[in-house]
Amino acid sequence: MLEGRARVVAWLGREILPHEAAVRVWLRRSFAAAGDVDDIIQETYCRLAALSNIEHIGEPRAYFFQAARSVALEQIRRARVVRIETVSEIEALDLALEDPSAERIVSGRRELERVRGLIAALPDRCRKIFELRKIEGVPQREIARRLGVTEHVVENEAVRGLRAILAAMTEQDAPAGAQGLREKTDGRSRKRR
């Protein structure tokens with residue numbers, strides 16, 4: 001037991017620790033408070049140190065980034081307010097990860113379909129703005145011009161859509177989340193009109 005623990009600790013020092021600076025740089029770009037970065041790094045190290053087996057890890061740097069990304073996503077899901085830039089940065093993170101297993105591919109496809117369903121369940125204007133801004137990357141000013149609304153409306157609708165999608169994703173029952181999604185965002189939209 002102690003020999004295995006010593007191997008994991010040595011592996012952390014040799015293969016993971018040298019990449020901490022790169023992970024911190026990415027996390028600082030994604031999170032406003034430095035305390036968040038320290039918490040994420042600490043939690044990531046705790047999870048990596050708790051590994052009983054490291055033989056399956058072929059790319060330690062990618063594994064470290066992926067583990068930090070998972071911890072960051074958990075914090076985002078638990079947070080009441082999420083910065084849009086944070087989610088965009090996480091989505092843009094380009095890591096050379098190991099080839100996913102068939103199981104992960106199927107799971108990923110299911111999750112993608114779930115997200116597509118949640119986006120489709122958004123109210124029309126919110127959905128259009130969310131798709132233009134987050135999927136197509138159209139600038140906020142251009143969306144406002146195209147739709148004949150203010151930039152403030154574009155920003156609010158994009159945030160509203162993202163929050164509704166993240167909230168629905170955290171619910172256990174995805175179909176119920178998609179159904180309740182339109183009601184939640186429609187109710188907020190009507191109140192502010």
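Visitor: How many helices and strands are there in the chain?

Guide: The chain has 10 helices and zero strands, where helices (H or I, at least four residues) and strands (E, at least two) are DSSP runs numbered from the N terminus. Along the sequence the pattern reads α-α-α-α-α-α-α-α-α-α. This is a predicted model, in which local features need pLDDT of at least 70 and side-chain atom pairs count only at pLDDT 80 or more, while totals for chains, interfaces and linings use all residues. Residues are numbered from 1 along each chain as its sequence is written, and side-chain values use heavy atoms, with hydrogens and water left out.

Visitor: What share of the residues counts as buried?

Guide: Of the chain's 193 residues, 35% count as buried, a word that stands for under 20% relative accessible area, with exposed meaning over 50% and partly exposed the range in between (1.4 Å probe, protein chains only). The accessible surface of the chain is about 12000 Å², and 51% of that surface belongs to carbon and sulfur atoms; these areas come from the Shrake-Rupley method with a 1.4 Å probe, and for residues only the protein chains shown count as cover.

Visitor: And the contacts, what part of them comes from residues 24 or more positions apart?

Guide: Among contacts in the chain with a separation of 6 or more, 69% are between residues 24 or more positions apart, where contact means heavy atoms within 4.5 Å.

Visitor: Let's look at a pair of helices. How do H2 and H4 cross?

Guide: Two packed helices are described by the angle between their axes and the distance between the axes. For H2 and helix H4 (residues 60–78), the axes come within 10 Å and cross at roughly 35°; axes here are lines fitted to C-alpha atoms, for helices over the stretch in contact, and angles run from 0 to 180 degrees between N-to-C directions.

Visitor: Is Trp-26 buried or exposed?

Guide: Trp-26, which lies in helix H2, counts as buried at 3% relative accessibility. The C-alpha atoms of Trp-26 and Arg-69 are 9.8 Å apart, although 43 residues separate the two along the chain.

Visitor: What does Glu-20 touch, beyond its neighbours in sequence?

Guide: Leaving aside neighbours within four places in sequence, Glu-20 is in contact with Ile-41, Tyr-45 and Phe-64. Glu-20 lies in helix H2 and is buried, at 17% relative accessibility.

Visitor: Switching to charges, how many salt bridges are there?

Guide: The count comes to 14 salt bridges, each being a side-chain nitrogen of Lys or Arg within 4 Å of a carboxyl oxygen of Asp or Glu. One of them joins the side chains of Asp-38 and Arg-24, at 2.8 Å from N to O. Asp-38 lies in helix H3 (residues 34–49) and Arg-24 in helix H2 (residues 20–30), so this pair ties together parts that are 14 residues apart in sequence. Asp-38 is partly exposed at 41% relative accessible area, while Arg-24 is buried at 16%.

Visitor: What about the salt bridge of Arg-160?

Guide: Arg-160 forms a salt bridge with Glu-157, and their closest N and O atoms are 2.9 Å apart. The two residues both lie in helix H9 (residues 151–170), three residues apart, which is about one turn of the helix, and both are buried. Elsewhere, salt bridges that share partners join Glu-20, Arg-24 and Asp-38 into one network.

Visitor: Where is Leu-162 found?

Guide: Leu-162 is found in helix H9 and counts as buried at 7% relative accessibility.
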